[in-house]
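Please go through the structure below. The report covers its fold, its surface, its nonpolar cores and its backbone.

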Amino acid sequence: MSNSTDGRRVVAEVTVSMDGYSSTGPDDDMSWCMDHILSGHSELYYEGIWRGASTVVLGRTNWEGFTSVWPGLTSDPNSSDRTRDLGQWLATVEKVVFSKTLDQPDLDKAEWTNARIARDLEPEIRTLKQTPGRDILVANSASIIQGLLTANLIDDLHLTVVPKTLGTGLRLLPDNHTSAWQLATATTFPSTNTIALHYRRG
């Protein structure tokens, strides 16, 4: 199946360990990468990605993790202005949550608004690509990224590599998947010894 260049771009952003894991598992507390995520330089970098998006795509695990962490960061007076801005944007931007177990009332209980449940990944993303708006951002959800890579539906891939190994958890890249990409930019973050790689479909 060829990648369609028509419509909105699908942009995937994910933080990974040196050994290729995006999560330690279902109970991942993200402590292994929060030093980088909350650093001043990384906030500026992430802002450049999310400013270009008008729809955010999440899996169940990230929806539950994000909504348990971000409202507190957003309301914390000690958070940076960029952190609060990002939190407010996440709270209100259109969000599509893919889950086989959550239902719409589960999303409606969260502090975040403008979120809806979706079940079928590929048809939903193909439909979103043809709707008006800016980029479709897949936010750190490895299972969603894996499915979209398999369907050749990701146009831009932002990998932030944190200098830690996790040893186990959820690997980002699907097994036996082959693809070609072009490096658009590489950004280093000396304060956290982290590198961010932006690839475009080759």
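What follows is a short report, from the whole chain down to single residues.

## Model and overall fold

This is a predicted model. The protein chain folds into seven helices and 10 strands. Its C-alpha trace spans about 45 × 40 × 30 Å along the principal axes. The radius of gyration is 16 Å. A compact globule of 202 residues would have a value near 17 Å, so the chain agrees with that expectation.

## Surface and charge

The accessible surface comes to about 10,000 Å². Carbon and sulfur atoms account for 51% of that area.

The charged side chains number 18 positive and 25 negative. The centres of the two sets lie 5 Å apart.

## Nonpolar cores

In soluble globular proteins, nonpolar side chains tend to be buried together. Here, the largest nonpolar core holds 36 residues. Trp 63, Trp 89, Trp 112 and Leu 137 have the most contacts inside it. Two or more residues come from each of the helices α1 (34-37), α2 (40-50), α3 (60-75) and α4 (81-92). The strands β3 (53-59), β5 (115-118) and β6 (135-139) likewise give two or more.

What does Trp 63 contact, beyond its neighbours within four places in sequence? Its partners are Leu 58, Lys 95, Val 97, Leu 102, Leu 107, Ala 110, Trp 112 and Ala 115. One of these, Trp 112, is also among the residues with the most contacts inside the largest core.

## Positive phi at two asparagines

Most residues other than glycine have a negative phi. Asn 114 has a positive value, near 60°. This residue sits in the loop between α5 (104-108) and β5. Its relative accessible area is 44%, so Asn 114 is partly exposed.

Asn 176 also has a positive phi, of about 60°, although it is not a glycine. Its loop runs between β8 (170-171) and β9 (181-189). Is Asn 176 buried or exposed? Its relative accessibility is 81%, and over 50% counts as exposed, so Asn 176 is exposed.

Key. Residues numbered from 1 in each chain as written. Predicted model: local features only at pLDDT ≥ 70, side-chain atom pairs only at ≥ 80, totals over all residues. Heavy atoms only, no water. Helix = DSSP H or I, 4+ residues; strand = E, 2+ residues; numbered from the N terminus. Rg over C-alpha atoms; globule rule 2.2 N^0.38 Å. Areas by Shrake-Rupley, 256 points an atom, 1.4 Å probe, with all protein chains shown as cover. Lys, Arg positive; Asp, Glu negative; His and termini not counted. Charge placed at Lys NZ, Arg CZ, Asp CG, Glu CD. Core = buried A, V, L, I, M, F, W, Y, C linked by side-chain atoms within 4.5 Å. Buried < 20%, exposed > 50% of the residue type's maximum accessible area, 1.4 Å probe, protein only. Contact = heavy atoms within 4.5 Å.
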